[in-house]
Amino acid sequence: MAMAVPSSSESLVFTVRRGKEELVAPAKPTPREVKLLSDIDDQEGLRFQIPVIQFYRSDPSMEGKDPALIIRKAVAEALVFYYPFAGRLREGPARKLMVDCTGEGVLFVEADADVTLAQFGDALQPPFPCWEELLYDVPGSAQVLNTPLILIQVTRLKCGGFIFALRLNHTMSDAAGLVQFMNAVAEIARGAREPSVQPVWRRDLLNARVSPRITCNHREYEQVPDTKGTIIPLDDMAHRSFFFGPSEFSAIRRLLPPHQQRCSDFEILTACLWRWRTIALQPDNEEEVRIICIVNARAKFNPPLPTGYYGNAFAFPVAVTSAGKLRENPLGYAVELVRKAKADVTEEYMHSIADLMVLKGRPHFTVVRSYLVSDVTRAGFGEVDFGWGKAAYGGPAKGGVGAIPGVASFYIPFTNAKGERGLVIPICLPSEAMDRFVQELESILNNSHRVTVTSASRFISSSL
């Protein structure tokens with residue numbers, strides 16, 4: 001019998017003492033100019049704040065050194081190279097976004113918590129207890145326009161470790177671009193004079209063409225009416241994380257015919273989660289349901305986008321079917337839909353999206369009966385080293401974030417207490433649907449092993 005196993009940190013409560021928030025400006029004068037975002041950057045679906053969190057263990061070689069002081073200084077020096085982050089977003093005609101490079105700086109908070117890293121337990125994974133205390137939502141800072149583009153909080157722990165939490169205005173960067181900036185801060189914190197990867201702005205590379213024309217099919221941007229109230233409500237939401245390691249993937253692959261065994265773990269897991277989630281939400285058989293896969297398009301360009309480009313460079317390809325077909329067909333049906341959607345993304349597809357944004361007013365991707373997945377296993381959050389070694393956990397702070405909360409999940413690299421490497425996936429669903437989701441998952445993986453589930457719905461905030 002597969003069982004839900006709560007994290008040992010589930011009921012952890014602690015106190016955080018914060019200093020007053022401050023603005024950290026670039027350490028040297030930077031150009032005062034206005035820089036346009038790309039037509040991929042400023043779409044409606046990226047106009048929100050994305051939180052990430054990094055946990056670091058104490059390191060005897062760093063004893064007596066203050067991580068908040070070191071990181072604050074490194075941020076100021078990194079902003080000399082990444083000075084647009086120190087500016088403020090403005091909106092121009094036709095909803096075009098641009099960065100006013102004012103040099104005002106990013107928000108920085110230092111804090112102390114009366115807790116050790118060990119008290120979080122072996123399962124350092126979302127949702128994290130007392131999350132709102134680890135990344136303080138500075139009043140008035142969460143808007144997209146005219147506010148700091150980055151908020152950072154460094155919280156020192158009793159054990160000598162610390163937590164680095166960051167919130168980014170997503171219009172500025174995707175996961176790869178954010179990790180590039182975090183690595184620049186980390187390298188400078190470890191003594192470098194400048195980042196090893198120089199930032200490249202070049203947002204014009206992802207602008208609409210002079211004569212915009214939509215040349216590809218973009219069902220991800222269809223305007224679908226929510227006739228049955230199926231956008232997820234934000235009250236009574238459950239946030240849980242699910243671990244998928246070698247035994248879980250083996251159990252799922254047994255559901256596939258031989259010709260689909262070569263499909264990637266991403267394709268298979270995405271198909272499973274889409275199916276389980278649809279069953280849990282119980283839409284009518286005839287209703288359309290959608291899976292949206294984030295696909296990094298950097299390597300799709302010829303020549304590739306320049307090394308150091310830190311803007312958004314991904315697409316939202318979608319697969320669409322009816323809820324009845326998804327539920328009634330074998331898993332292989334969903335796998336094939338996911339595989340085809342991923343293959344849609346090409347250089348031409350990206351230019352077509354940019355053109356669509358300009359022609360159609362920068363719409364939000366479709367959220368009605370949609371589920372969005374983003375694989376950040378290769379983003380490198382866990383590799384960011386400020387001098388205390390690699391992160392014990394590094395990556396998205398919770399699932400369900402976005403301009404429309406509750407729609408998105410992340411695939412995050414994770415090693416469980418047994419030393420098994422796999423993925424941890426935060427899922428956000430209404431409580432009753434979450435119970436059905438767990439039942440469906442257990443019915444597939446039953447008799448194979450125990451399913452590791454973290455439940456902490458009482459710590460949920462739907463303010464982001």
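This is a predicted model: local features need pLDDT of at least 70, side-chain atom pairs count only at pLDDT 80 or more; totals for chains, interfaces and linings use all residues.
## Helix 1 and helix 3

Two packed helices are described by the angle between their axes and the distance between the axes. For helix 1, which covers residues 67–81, and helix 3, which covers residues 175–189, the axes come within 8 Å and cross at roughly 120°. Helix 1 and helix 3 are therefore oblique to each other, since an angle counts as roughly perpendicular from 65 to 115 degrees and as roughly antiparallel over 145. The crossing of helix 1 and helix 3 has a right-handed sense.

On the side of helix 1, the residues that meet helix 3 are I70, I71, A74, V75, E77, A78 and L79, and their partners in helix 3 are F181, A184, V185, I188 and A189. Sorted by class, the residues of this contact between helix 1 and helix 3 comprise eleven nonpolar, no polar and one charged.

## Helix 4 and helix 5

A further helix pair is formed by helix 4, residues 246–253, and helix 5, residues 265–281, whose axes lie 11 Å apart and which pack at an angle of about 75°. Helix 4 and helix 5 are therefore roughly perpendicular to each other, because angles of 65 to 115 degrees are counted in that class. Helix 4 contributes F249, I252 and R253 to the contact, while helix 5 contributes D265, I268, L269, C272 and W276. Six nonpolar, no polar and two charged residues make up the contact of helix 4 with helix 5.

Helix 4 also has buried residues, namely E248, F249, A251, I252 and R253. The elements against which the buried residues of helix 4 pack are strand 10 (237–244), helix 5, helix 7 (331–343), strand 18 (421–430) and helix 9 (431–445).

## Buried residues in strands

C293 belongs to strand 11, which spans residues 288–293, and C293 counts as buried because its relative accessibility is 0%. Apart from neighbours within four places in sequence, the residues in contact with C293 are F266, T270, A315, F316, P317, V338, K342 and V373. Between C293 and L157 there are 136 residues of separation in sequence, and the distance from C-alpha to C-alpha is 37 Å.

F162 is part of strand 9, residues 162–169, and F162 is likewise classed as buried because its relative accessibility is 0%. Once neighbours within four places in sequence are set aside, F162 is in contact with Q54, F55, Y56, P67, I71, V154, T155, R156, L157, F386 and W388. Q180 stands 18 residues from F162 along the chain, and the C-alpha atoms of F162 and Q180 are separated by 21 Å.

## Buried charged residues and their polar partners

R47 is placed in the loop between strand 3 (34–36) and strand 4 (49–56). With a relative accessible area of 12%, R47 is buried, because a value under 20% meets the cut-off. The side chains of R47 and E91 make a polar contact at 2.7 Å.

D355 sits in helix 8, residues 347–360, and D355 is buried, with a relative accessible area of 0%. A polar atom of the D355 side chain lies 3.0 Å from the backbone nitrogen of R213. Leaving out neighbours within four places in sequence, D355 is in contact with A208, R209, P212 and R213.

## Backbone features in loops

The peptide bond running from P126 to P127 is cis, with omega near -5°, and P127 lies in the loop between strand 7 (106–113) and helix 2 (131–134). N302 and P303 are also joined by a cis peptide bond, with omega about 0°, and P303 lies in the loop between strand 12 (295–296) and strand 13 (314–315).

R95, a residue other than glycine, has a positive phi near 60°. The loop between strand 5 (88–91) and strand 6 (97–100) holds R95, which counts as partly exposed at 29% relative accessibility. Q282, also a residue other than glycine, has a positive phi near 55°. Q282 is found in the loop between helix 5 and strand 11, and Q282 counts as partly exposed at 49% relative accessibility.

Technical notes: Residues are numbered from 1 along each chain as its sequence is written. Side-chain values use heavy atoms; hydrogens and water are left out. Helices (H or I, at least four residues) and strands (E, at least two) are DSSP runs, numbered from the N terminus. Buried means under 20% relative accessible area, exposed over 50%, partly exposed in between (1.4 Å probe, protein chains only). A polar contact is a pair of N or O atoms within 3.5 Å; within protein, one must be able to donate a hydrogen and the other to accept it, and residues adjacent in sequence count only if both atoms are side-chain atoms. Axes are lines fitted to C-alpha atoms, for helices over the stretch in contact, and angles run from 0 to 180 degrees between N-to-C directions. Angles under 35 degrees count as roughly parallel, over 145 as roughly antiparallel, 65 to 115 as roughly perpendicular and the rest as oblique. A crossing is left-handed if the near helix is turned anticlockwise from the far one by less than a right angle, and right-handed if clockwise. Contact means heavy atoms within 4.5 Å. Ala, Val, Leu, Ile, Met, Phe, Trp, Tyr, Cys and Pro count as nonpolar, Asp, Glu, Lys and Arg as charged, and the others, Gly among them, as polar.
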